[in-house]
Amino acid sequence: MASVRELKKDINFLASELVTEAYVKQLVKEDVDNDKIAQVMVKAIEFRNDLVARANHPDAKDNAKMVKKYYQNLRTDMMEKFLAISKETNEL
């Protein structure tokens, strides 16, 4: 399993990609609603904060199998939420 440090780097990278995607959409398309773009950016930042907090505090630190399962679920949640926010940005 990758380290928590690598997981946090992935989370930060994905969140920055979401913010960048929204910002580029705002610059390129003139007819896009700035309030909706701002909401997407806020969701991306909340996405990052939530996942980093979850990565820092795993459940059942004493049981290695449960910790591994916890981080696998965290990665799955990370990808699902990233795709949902990205899809929302593309629909703007």
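In this predicted model, serine 86 counts as buried because its relative accessibility is 13%, below the 20% cut-off that marks a buried residue. The residue is found in helix 3, which covers residues 64–91. Leaving aside residues up to four places away in sequence, serine 86 touches Leu18 and Glu21.

Stepping back to the whole chain, the model holds three helices and zero strands. Read from the N terminus, the order of elements is α-α-α. The C-alpha trace spans about 55 × 20 × 15 Å along its principal axes. Of the 92 residues in the protein chain, 28% count as buried. Sequence separation gives another view of the fold: among contacts between residues at least 6 apart in sequence, 69% join residues at least 24 apart.

Helix 3 has 28 residues, and the distance from its first C-alpha to its last is 41 Å, close to the 40 Å expected at 1.5 Å a residue. At its N-terminal end, helix 3 is capped by asparagine 63, with a side-chain oxygen 3.2 Å from the backbone nitrogen of lysine 65. The buried residues of this helix are Val67, Tyr70, Tyr71, Leu74, Met78, Phe82, Ile85, Ser86 and Thr89. Their packing partners are helix 1, residues 4–28, and helix 2, residues 34–56.

Apart from residues up to four places away in sequence, valine 67 touches Asp59, Ala60 and Lys61. Valine 67 and asparagine 34 are 33 residues apart in sequence, and their C-alpha atoms are 41 Å apart in space. Leucine 83, also found in helix 3, is exposed because its relative accessible area is 51%, with over 50% being the criterion for that class. From leucine 83 to methionine 66 there are 17 residues in sequence and 26 Å in space, C-alpha to C-alpha. Threonine 89 likewise lies in helix 3, and its relative accessibility of 0% places it among the buried residues. The contacts of threonine 89, not counting residues up to four places away in sequence, are Glu21, Ala22, Lys25 and Val40.

A search for aromatic pairs across the whole structure finds one. The pair is formed by tyrosine 70 and tyrosine 71 in an edge-to-face arrangement, at 5.5 Å centre to centre and with 80° between the planes. Tyrosine 70 and tyrosine 71 are both buried.

Attention now turns to how the helices are arranged. In helix 1, the end C-alpha atoms are 36 Å apart, in agreement with the 36 Å that its 25 residues should span at 1.5 Å a residue. Leu7, Ile11, Leu14, Ala15, Leu18, Ala22 and Lys25 are the buried residues of helix 1, and what covers them includes helix 2 and helix 3. The axes of helix 1 and helix 3 come within 10 Å and cross at roughly 5°. Helix 1 and helix 3 are therefore roughly parallel to each other.

For helix 2 and helix 3, the axes come within 11 Å and cross at roughly 175°. That crossing makes helix 2 roughly antiparallel to helix 3. On the helix 2 side, the contact is made by Val40, Lys43, Ala44, Phe47, Asp50, Leu51, Arg54 and Ala55; on the helix 3 side, by Tyr70, Tyr71, Asn73, Leu74, Asp77, Met78, Lys81, Phe82, Ile85, Glu88 and Thr89. Threonine 89 illustrates how these contacts come together, with Ala22 and Val40 among the residues it touches.

Definitions and conventions:
Residues numbered from 1 in each chain as written. Predicted model: local features only at pLDDT ≥ 70, side-chain atom pairs only at ≥ 80, totals over all residues. Heavy atoms only, no water. Helix = DSSP H or I, 4+ residues; strand = E, 2+ residues; numbered from the N terminus. Buried < 20%, exposed > 50% of the residue type's maximum accessible area, 1.4 Å probe, protein only. Contact = heavy atoms within 4.5 Å. Expected span 1.5 Å × (residues − 1). Polar contact = N/O pair within 3.5 Å; in protein donor to acceptor, adjacent residues only side chain to side chain. Phe/Tyr/Trp six-rings, centres within 6.5 Å; stacked < 30°, edge-to-face > 60°. Axes fitted to C-alpha atoms, helices over the stretch in contact; angles between N-to-C directions. Parallel < 35°, antiparallel > 145°, perpendicular 65-115°, else oblique.
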